[in-house]
Amino acid sequence: MSDFTAADYEFMSRALRLARRGLYTAHPNPRVGCVLVNDGKVVGEGWHSRTGEAHAEIVALNAAGDAARGATAYVTLEPCSHHGKTPPCADALIAAGIGHVVAAMVDPNDKVAGRGHSALEGAGISVRSGLLQDEATLLNEGFLSRLQRGRPFVRLKMASSLDGSTAMANGESQWISGEAARDDVQRLRAASGAVMVGAGTVLADDPSLTVRGDEIDNDGMQPLRVVLDSQLKMPVTARMLSLPGRTAVFCSDDSAKNALESAGASVHVVAGENGGLDLAAVMSKLADLEINGVLVEAGPTLAGSMLQSDLIDELVIYQAPHIMGSETRGMFTTPALQSIDQRLQLNIVDIRKIGVDLKITARPNR
């Protein structure tokens, strides 16, 4: 917008950098940063760290003290106006005597959605919004997806060889990608509300699905571990059930439900579909559980089903510089396409080298 100055961009950029500090810990709340500026100087700043703790605006106001009076607040999301786990931030800004508010975007939450701005304007505070909105949206895609679409943002992670293989014919797949790529996956996990696998992966690999890495500042938080297991074949001795964090198992046959729940899992029954589960119903239930983003670490069967169900929002492919040959397992198991115009068009949004591998990030061209 033309009425924003270079200084406005500078301070909102700073607020966005602060918001990113909640990347691994703020969910299911949005990641929000706030910078208070008076006479061209930053007098207070903050970010939302964890659900139930102070919002970014409150942290910034506490840091500013009396210097907040007459200041401009740069906030990456419209200040809330409702009582949740914490009091309304709009009321706190009004009480502190803030003179102006610049917001990157309006809150999509129906409990807020313009009400925060209206409360501020009603108190005589000027409000402008839309500054660096695309960047703020990208930072909170999962939160926006859950509120606007009723399902989490879904990211599919895969590791493949240069010729598109994900495992040898006998299932051997450790390790296709290099150590740097595997470390990068830990950051994807930490930024996700849930990590999802199919029962086949649990039976074959007995994964932990935890976030590992001393350099990841996730404050000990672990994503929800989600297992899609239509017939509840997951053993009660599965490693993930003895680890910190929560495990949710989705099934269509709950005959073994009690045993898994006694082992520490929560079991959710959803409709079956094509011999598996209704994946859209799974995503809807995860939204009910306040999961903003799901990282799917799938074999070709689940990956193909997700693709066919049009539930993949982003693909992250770690492509290793080797050839595994033709007698291997591919990336997706799908019905045979009859013509080239049936292919799924992707938009590659980023390519970078991670260690020895290429990391390709792509999104369906919807």
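In what order do the 9 strands of the open sheet run? The order is E11-E10-E9-E8-E14-E6-E15-E18-E17, with mixed pairing. Strands pair here if DSSP finds at least two bridges between them. Strands (E, at least two residues) and helices (H or I, at least four) are DSSP runs, numbered from the N terminus.

This is a predicted model, in which local features need pLDDT of at least 70 and side-chain atom pairs count only at pLDDT 80 or more, while totals for chains, interfaces and linings use all residues. Residues are numbered from 1 along each chain as its sequence is written, and side-chain values use heavy atoms, with hydrogens and water left out.

**Stop 1**

Angles run from 0 to 180 degrees between N-to-C directions, with axes fitted as lines to C-alpha atoms, for helices over the stretch in contact.

Now pick strand E8 (residues 194–198). E8 runs parallel to E14, joined by 3 bridges. Valine 195 stands opposite leucine 295 in E14.

H11 lies across E6, E8, strand E9 (224–228) and E14, at about 135 degrees to E6. Contact means heavy atoms within 4.5 Å. H6 lies across E6 and E18, at about 130 degrees to E6.

**Stop 1: the second largest pocket**

The pocket holds about 990 Å³ of space. E17 gives the most to the lining, with 4 residues. Other elements giving two or more include helix H5 (133–139), helix H6 (141–149) and helix H7 (179–190).

A pocket is an open set of points on a 1 Å grid over the protein atoms alone, where a 1.4 Å probe fits, with protein on both sides within 12 Å along at least five of seven lines; lining residues have an atom within 4 Å of a point. The volume is the space filled by probe spheres set on the points, which are joined across faces, edges and corners.

**Stop 2: the 5-strand sheet**

This open sheet has the order E2-E1-E3-E4-E5, with mixed pairing. Strand E2 (41–47) and strand E5 (126–129) stand at the edges, each with a single partner strand. Strand E1 (residues 33–38) pairs with E2 in the antiparallel sense over 6 bridges. Glycine 33 has tryptophan 47 in E2 as its bridge partner.
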